[in-house]
Amino acid sequence: MTDNIRIRFLVLFSVEPDKMNAAGEYISSLLSKRFGGATLLSSTDENTLTGFWAEDGSQFKKLYEGRVHREPIMGLMLSVLPEDEDEAYDLIQKSLSTAAEKLNLNTRHVHVETMKARAHHFDIEAIRKTGKGLL
């Protein structure tokens, strides 16, 4: 049994709406084959993730003067064991780069955050069988 400490990656990048399903499935499948699973967050006009980016947003200013762009965003969450953090970051980079080439994506800049998290899991069916799962 492993400790419940994980490193969670939040990966955000723009993808053309008509290519989101293919890109998400491709990248999530690659990451899942190595780390057991990934959570895909995606956006089209009917869904929830939309990014807003100032043209000069990478300059770390107190006030951004560049034009603000709106674009559909795909998000991905991946939780790994702490000892797998470097490998996971490398695989995220390679997966997105390969997806961009294979699927002819316009994706260029990728935002990646990492945070320390605790993972907990439970089985709803097992709780219900004990009779203690209902309020």
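Predicted model: local features only at pLDDT ≥ 70, side-chain atom pairs only at ≥ 80, totals over all residues.
Asp 84 touches Arg 34 and Phe 35, if residues up to four places away in sequence are left out of the count. Asp 84 sits in the loop between strand 4 and helix 2, and with a relative accessible area of 14% it is buried, because buried means a relative accessible area under 20%.

One of the two residues that Asp 84 touches is also its partner in a salt bridge: Arg 34 and Asp 84 are joined in this way, with 3.5 Å between the closest N and O atoms. Since Arg 34 lies in helix 1 (residues 20-35) and Asp 84 in the loop between strand 4 (68-80) and helix 2 (85-102), the pair ties together parts that are 50 residues apart in sequence. Is Arg 34 itself buried, partly exposed or exposed? With a relative accessible area of 37%, Arg 34 is partly exposed, whereas Asp 84, at 14%, is buried.

Arg 34 has a further partner, for its side chain also meets that of Glu 87 in a salt bridge, at 2.7 Å from N to O. Here Glu 87 lies in helix 2 and Arg 34 in helix 1, so this pair ties together parts that are 53 residues apart in sequence. Glu 87 is partly exposed, with a relative accessible area of 38%. Taken together, Arg 34, Asp 84 and Glu 87 are linked in a network of salt bridges.

In soluble globular proteins, nonpolar side chains tend to be buried together. In this model the largest nonpolar core has 20 residues, and Phe 9 and Leu 78 are the ones with the most contacts inside it. Strand 1 (5-14), helix 1, strand 4 and helix 2 are the elements that give two or more residues to this core. Leu 78 can be followed in detail: leaving aside residues up to four places away in sequence, it touches Ile 7, Arg 8, Phe 9, Leu 31, Phe 35, Gly 37, Ala 38, Ala 88 and Ile 92.

Some nonpolar side chains are instead found at the surface. Phe 122, Ile 124 and Ile 127 form a nonpolar patch there, and together they have about 330 Å² of accessible area. Phe 122 belongs to the loop between strand 5 (110-118) and helix 3 (124-130), and it counts as exposed because its relative accessibility is 64%, above the cut-off of 50%.

A loop elsewhere in the chain gives another case. Ser 42 is placed in the loop between strand 2 (39-41) and strand 3 (50-54), where a relative accessibility of 24% makes it partly exposed. Ser 42 and Ser 14 are 28 residues apart along the chain, and their C-alpha atoms are separated by 9.5 Å.

Along the principal axes, the C-alpha atoms fill a box of roughly 60 × 35 × 35 Å.

Of the 135 residues, 28% count as buried, and the chain exposes about 9,800 Å², with carbon and sulfur atoms supplying 51% of that area. Finally, among the contacts in the chain with a separation of 6 or more, 75% come from residues 24 or more positions apart.

Technical notes. Residues numbered from 1 in each chain as written. Heavy atoms only, no water. Patch = residues over 30% accessible without salt bridge, like charges linked within 9 Å, V, L, I, M, F, W, Y side chains within 5 Å. Areas by Shrake-Rupley, 256 points an atom, 1.4 Å probe, with all protein chains shown as cover. Salt bridge = Lys/Arg side-chain N within 4 Å of Asp/Glu carboxyl O. Helix = DSSP H or I, 4+ residues; strand = E, 2+ residues; numbered from the N terminus. Buried < 20%, exposed > 50% of the residue type's maximum accessible area, 1.4 Å probe, protein only. Contact = heavy atoms within 4.5 Å. Core = buried A, V, L, I, M, F, W, Y, C linked by side-chain atoms within 4.5 Å.
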